[in-house]
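The entries follow the order in which I checked them.

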Amino acid sequence: MHDCLILACDYTVGTRAIKSKIQNTIKLVKDHICAIKINFHLLLSINPSEIIAINSAAHRFGVTCIADIKLNDIGNTNTVALDCLEKMGFDAVIANPIMGKKALATLTLQAHRRHMGVISLCHMSAPEAKEAYETPVKGNKQLYELFLNWAAYAKVDGIIVGATYPKIISNCKKKFPRVAIYSPGVGVQGGDPQKALKSGTKYIITGRSIINSSNPVKKAKIILNRG
């Protein structure tokens, strides 16, 4: 198992035998990943029993399971969502801090009571993300800096900053040295794992480059070698 690569299971909805495909990919690259990330679109299209089977397969190889639902709602709804994710075998959830500083702290506390982690969005990887996350807000800051402060207040377990924004990774690491930075956007979106890791990223997240490859193991090795 490699300690910095996370596999995003971003298969297209409608893919045949998707549970088996994900399980097979995990088995192939298990020595090169530390976690899998399952996105909202799959959680909505696969039945819970299949998600449980995928997470169980990952756990058998010592691989952590992250639900990427960018959770953001009122406290009661967040609690119900955590309960459902826990039952499906997830170890951590990605949350959207737009819910507010105190709500994020409450979510983190509730997750920790369930022995789950919370990874909070700070700056997404897509090119258009800067339109929102770099918007000026109160205190002469940009929105991602406010989210970073909220992440520190809430004592989350990590933050998301796209590998496509290495300067922002570096800025976040400088301001919040203890935080674990998770960086998606490597591969199809053009993020460079080497630059991200040198800038302060701890975990590289990549999906389509590996799952669509004719040789997923080779592709994972290439990404890691670059890192």
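Is C84 buried, partly exposed or exposed? I found that C84 counts as partly exposed, at 42% relative accessibility, where buried means under 20% relative accessible area, exposed over 50% and partly exposed in between, with a 1.4 Å probe and protein chains only.

Before going on I noted that this is a predicted model, in which local features need pLDDT of at least 70 and side-chain atom pairs count only at pLDDT 80 or more, while totals for chains, interfaces and linings use all residues. Residues are numbered from 1 along each chain as its sequence is written, and side-chain values use heavy atoms, with hydrogens and water left out.

I then looked for disulfides, taken as pairs of cysteine sulfur atoms within 2.5 Å, and the structure holds zero of them. C9 is in no disulfide, its nearest cysteine sulfur being that of C65, 8.5 Å away, and C9 is buried at a relative accessible area of 1%. C84 is likewise in no disulfide, and the nearest cysteine sulfur, again that of C65, lies 16 Å away.

Next I turned to phi. Most residues other than glycine have a negative phi. A17 has a positive phi, near 50 degrees; A17 sits in the loop between β1 (5–8) and α1 (18–29), where helices (H or I, at least four residues) and strands (E, at least two) are DSSP runs numbered from the N terminus. A17 counts as exposed, at 55% relative accessibility.

K155 also has a positive phi, near 55 degrees, and I located K155 in the loop between α7 (143–154) and β8 (158–161). At 65% relative accessibility, K155 counts as exposed.
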